[in-house]
Amino acid sequence: MQIQIPHKMNIAIIGYGKMGRAIEALALQHGHTIVAAVDNDNDWNDPQKPWRNADVAIEFTTPDTATANIRRCLEAGVPVVCGTTGWYSHYDDIVAECKDHNGRLFTATNFSIGMNIMFELNRRLAELMRGRDTYRVSISETHHIHKLDAPSGTAITLQEQIAESGSRQAESVPIESFRIGEVPGTHTVTYASDIDTLTLTHEAHSRQGLALGALLAAEFLATAKPGIYTMKDIL
């Protein structure tokens, strides 16, 4: 997928693992400047604090560190795109703090354009299946062994969408999670009956889709008004 990102940005990468490096490589290809790669307390405490000079920060870390990272950015007036999942029990607090700081925050359980199209298909399919109780619905998701949260935030989003359609209660939609090798991410929604089976699947081939979506989000956020944004705002 070739998408132009015309606005050149100074970017701080928060979390310099495989995802952070994929974002860095793609950002440099698009002519952006990486002003900081923050991966530990020493990087945060650098006397020069180069991350404060960013037009936007892109955060992919762990559920245990994401909220503190977001807070640091908001307090410094740096807009932040957060791709970490597993921290959403603190979401309302973070939204309140973002508003208190008149900040800008972009969150998503999945930044892949293809996955977000699947979200829309999932909503529509759940509506069509409303009242069709002969079908048993389930979700399965597979990721690499380094992913800490299970089920994934993406799988939980799919589950919540099905519940929001009124076709099922969220707790009645089981999620099966697998952690295998270096699998980038596969999500499947299955409706099975005694007569037939219907499946909806998104399979990521690499981290490139997530990196591109994060860059698109950063481009959007760098020039947006203060507020809370999601992928719906750029699709």
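**Positive phi.** I started with N102, in the loop between helix 4 and strand 5. The model is a predicted one, and in it N102 has a phi near 55 degrees, a positive value in a residue other than glycine. I looked up its accessibility: at 57%, N102 counts as exposed, because the cut-off for exposed is over 50%.

I then went to K49, which is not a glycine but has a positive phi of about 40 degrees. I found K49 in the loop between helix 2 (41-44) and strand 3 (56-59). Its relative accessible area is 26%, so I noted K49 as partly exposed.

**Helix 4.** Which residues of helix 4 are buried? In this helix, residues 91-100, I listed I94, V95 and C98 as buried. They lie on the same side of helix 4, because they cover an arc of only 100 degrees around the axis. An α-helix has 3.6 residues a turn, so residues three or four places apart point the same way. On the other side of helix 4 I noted D92, K99 and D100 as exposed. I also checked what the buried residues pack against: helix 3 (66-76), strand 5 (104-107) and strand 10 (227-229).

**Cis peptide.** I checked the bond from A150 to P151 and found it cis, with omega near 0 degrees. P151 sits in the loop between strand 6 (136-143) and helix 6.

**Helix 5 and helix 6.** At what angle do helix 5 and helix 6 pack? I have about 25 degrees for helix 5 (residues 113-128) and helix 6 (residues 153-164), with the axes 9 Å apart. The two are therefore roughly parallel to each other, since angles under 35 degrees count as such. I recorded their crossing as right-handed. On the helix 5 side the contact involves M115, M118, F119, N122, R123 and A126. On the helix 6 side I wrote down T154, T157, L158, Q161 and I162.

**Helix 1 and helix 7.** Helix 1 (residues 18-29) and helix 7 (residues 208-222) pack at about 65 degrees, and their axes are 9 Å apart. I noted this crossing as right-handed. Helix 1 makes the contact with M19, A22, I23, L26 and A27. From helix 7 I listed Q208, L210, A211, L212, A214 and L215.

**V38.** I found V38 in strand 2 (residues 33-38). Is V38 buried or exposed? V38 counts as buried, because its relative accessibility is 3% and the cut-off is under 20%. Leaving aside neighbours within four places in sequence, I have V38 in contact with I13, I14, G15, Y16, D43, W44 and W51. I also took the C-alpha separation of V38 and W87, which are 49 residues apart along the chain: 19 Å.

**Aromatic rings.** W44 and W51, both among the contacts of V38, are buried. How many aromatic pairs are there? I counted eight aromatic pairs. W44 and W51 form one that is edge-to-face, at 4.8 Å centre to centre and 85 degrees between the planes. I also noted a cluster in which ring pairs link F60, F106, F111, F220 and Y229.

Technical notes. Residues numbered from 1 in each chain as written. Predicted model: local features only at pLDDT ≥ 70, side-chain atom pairs only at ≥ 80, totals over all residues. Heavy atoms only, no water. Buried < 20%, exposed > 50% of the residue type's maximum accessible area, 1.4 Å probe, protein only. Helix = DSSP H or I, 4+ residues; strand = E, 2+ residues; numbered from the N terminus. Arc of directions from axis to C-beta. Contact = heavy atoms within 4.5 Å. Phe/Tyr/Trp six-rings, centres within 6.5 Å; stacked < 30°, edge-to-face > 60°. Axes fitted to C-alpha atoms, helices over the stretch in contact; angles between N-to-C directions. Parallel < 35°, antiparallel > 145°, perpendicular 65-115°, else oblique. Left-handed = near helix turned anticlockwise from the far one by under 90°.
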